[in-house]
Amino acid sequence: MIIGSHVGMNGKDMFLGSVKEALSYGANTFMVYTGAPQNTRRKDILSLRIPEAWKLMEENEMYPFVVHAPYIINIGNTEKPETYKLGVDFLALELKRTEAMGSNTLILHPGSHVGAGADAGIRQITEGLNTVLTADTNVNIALETMAGKGSEIGGSFAELARIFNGVTHNDKLRICFDVCHVNDSGYDLVTQYDSVMEEFDRTLGLDKIAVIHLNDSKNPCGAMKDRHENLGFGNIGFDTLVKIANDPVFENIPKILESPYVKDPGDDTKTYPPYKYEIDMLKKGAFDAGLIDVIIKDS
């Protein structure tokens, strides 16, 4: 199983620290941002300790990792030209940084139309991708399936397909299949798993999935809210999540956990990462109803 989680990148170890964190969870892949996801401030690529990080990955036979673009990129915005331009310019830089770090996959939230309507948003996203992607681009952009909240684009497979169809170099496009988002947008993975996957295959192609965000959801199917839950404690449930993790179709696809940190009941300022325990639970294929208590006790 190719399984990992979101990890940080900061301090003196930078990218080397990301690899160390992933290894501490028992992971063989991971997802990282090139800097804080809420802003465009980035350290010089030469300061990230990339060669040392790759040496540690090779020593531990880690699978290739993936990079996530910051949330502030919105190339679907037709209302504010400056927001669109910032998104396109920074996306181009993130592609270069992703390549320099040694990943071939950059995950991107497609964007929001901010009231202009889905058609306008899709046209703008397509234009932005056509600006940054060329025949020589060495990194694939994996458009993330979205929950459909607000004015988000990508809450349906059909919307993502429209973007693919409008991009000239769409051989550089892939999909990040976020399980929580797919559930929240209205696709019933619990009782209609095969049908949902067949629809995705018809619309986009299962071979386009480059990453899976393996997240449970606090919400019922179709809630359009996007609230992640710890594995097995949400409305999707452990059985469906472990089914996805072990689906032979996705055998060679990195599965990335983005579960919420567990809060200390005695101190609201303390939270603990659940990933080591959730990864172990997935590998064993057995749900532990006392997992939260175990995490708090061990921490």
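Which hand does the crossing of α9 and α10 have? The crossing is right-handed, and α4 likewise passes α5 in a right-handed crossing. This is a predicted model, so take what follows as a tour of the prediction.

**Helix pair α9 and α10**

- Helix α9 spans residues 275–284 and helix α10 spans residues 291–298; their axes cross at roughly 135 degrees and come within 10 Å.
- That angle makes α9 oblique to α10, since the roughly antiparallel class is kept for angles over 145 degrees.
- On the α9 side, the residues involved are Tyr277, Glu278 and Met281, and they meet Leu291, Val294, Ile295 and Asp298 of α10.
- Sorted by class, this contact has 5 nonpolar and 2 charged residues, with no polar ones.

**Helix pair α4 and α5**

- Helix α4 (residues 118–132) packs against helix α5 (residues 157–166) at an angle of about 40 degrees, and the axes are 9 Å apart.
- These two are therefore oblique to each other as well, because roughly parallel would need an angle under 35 degrees.
- From α4, the contact draws on Ala118, Asp119, Ile122, Ile125, Thr126, Leu129 and Asn130, while α5 brings Glu159, Arg162, Ile163 and Gly166.

**Nonpolar cores**

- The largest nonpolar core takes in 81 residues, and Phe15, Phe30, Leu129, Ile141, Phe177 and Leu214 have the most contacts inside it.
- Helix α3 (residues 81–101) gives the most to this core, with 6 residues.
- Setting aside residues up to four places away in sequence, Phe15 touches Met9, Phe30, Val32, Leu48, Ile50, Ala53, Trp54, Met57, Phe65 and Met101.
- Another core, of 9 residues, lies apart from the largest one; Tyr33, Ile107, Ala142 and Ala210 are among its members.

**A closer look at Ala210**

- Ala210 sits in strand β7, which covers residues 209–213.
- With a relative accessible area of 16%, Ala210 is buried.
- Beyond its neighbours within four places in sequence, Ala210 is in contact with Thr105, Arg174, Ile175, Ile253 and Pro254.
- Ala210 and Leu143 are 67 residues apart in sequence, yet their C-alpha atoms are 9.6 Å apart in space.

- Met14 isn't a glycine, but it has a positive phi of about 50 degrees.
- You'll find Met14 in the loop between β1 (3–6) and α1 (15–24), and at 5% relative accessibility it counts as buried.
- Met224 is a residue other than glycine with a positive phi too, near 55 degrees.
- Met224 lies in the loop between β8 (216–217) and β9 (228–229), where it is partly exposed, with a relative accessible area of 43%.

- His113 is placed in the loop between β4 (105–108) and α4.
- His113 is buried, its relative accessible area being 14%.
- Leaving out neighbours within four places in sequence, the contacts of His113 are Gly76, Glu79, Ala118, Gly121, Ser151 and Ile153.

Terms used: Residues are numbered from 1 along each chain as its sequence is written. This is a predicted model: local features need pLDDT of at least 70, side-chain atom pairs count only at pLDDT 80 or more; totals for chains, interfaces and linings use all residues. Side-chain values use heavy atoms; hydrogens and water are left out. Axes are lines fitted to C-alpha atoms, for helices over the stretch in contact, and angles run from 0 to 180 degrees between N-to-C directions. Helices (H or I, at least four residues) and strands (E, at least two) are DSSP runs, numbered from the N terminus. Angles under 35 degrees count as roughly parallel, over 145 as roughly antiparallel, 65 to 115 as roughly perpendicular and the rest as oblique. A crossing is left-handed if the near helix is turned anticlockwise from the far one by less than a right angle, and right-handed if clockwise. Contact means heavy atoms within 4.5 Å. A nonpolar core is a set of buried Ala, Val, Leu, Ile, Met, Phe, Trp, Tyr and Cys residues joined through side-chain atoms within 4.5 Å. Buried means under 20% relative accessible area, exposed over 50%, partly exposed in between (1.4 Å probe, protein chains only). Ala, Val, Leu, Ile, Met, Phe, Trp, Tyr, Cys and Pro count as nonpolar, Asp, Glu, Lys and Arg as charged, and the others, Gly among them, as polar.
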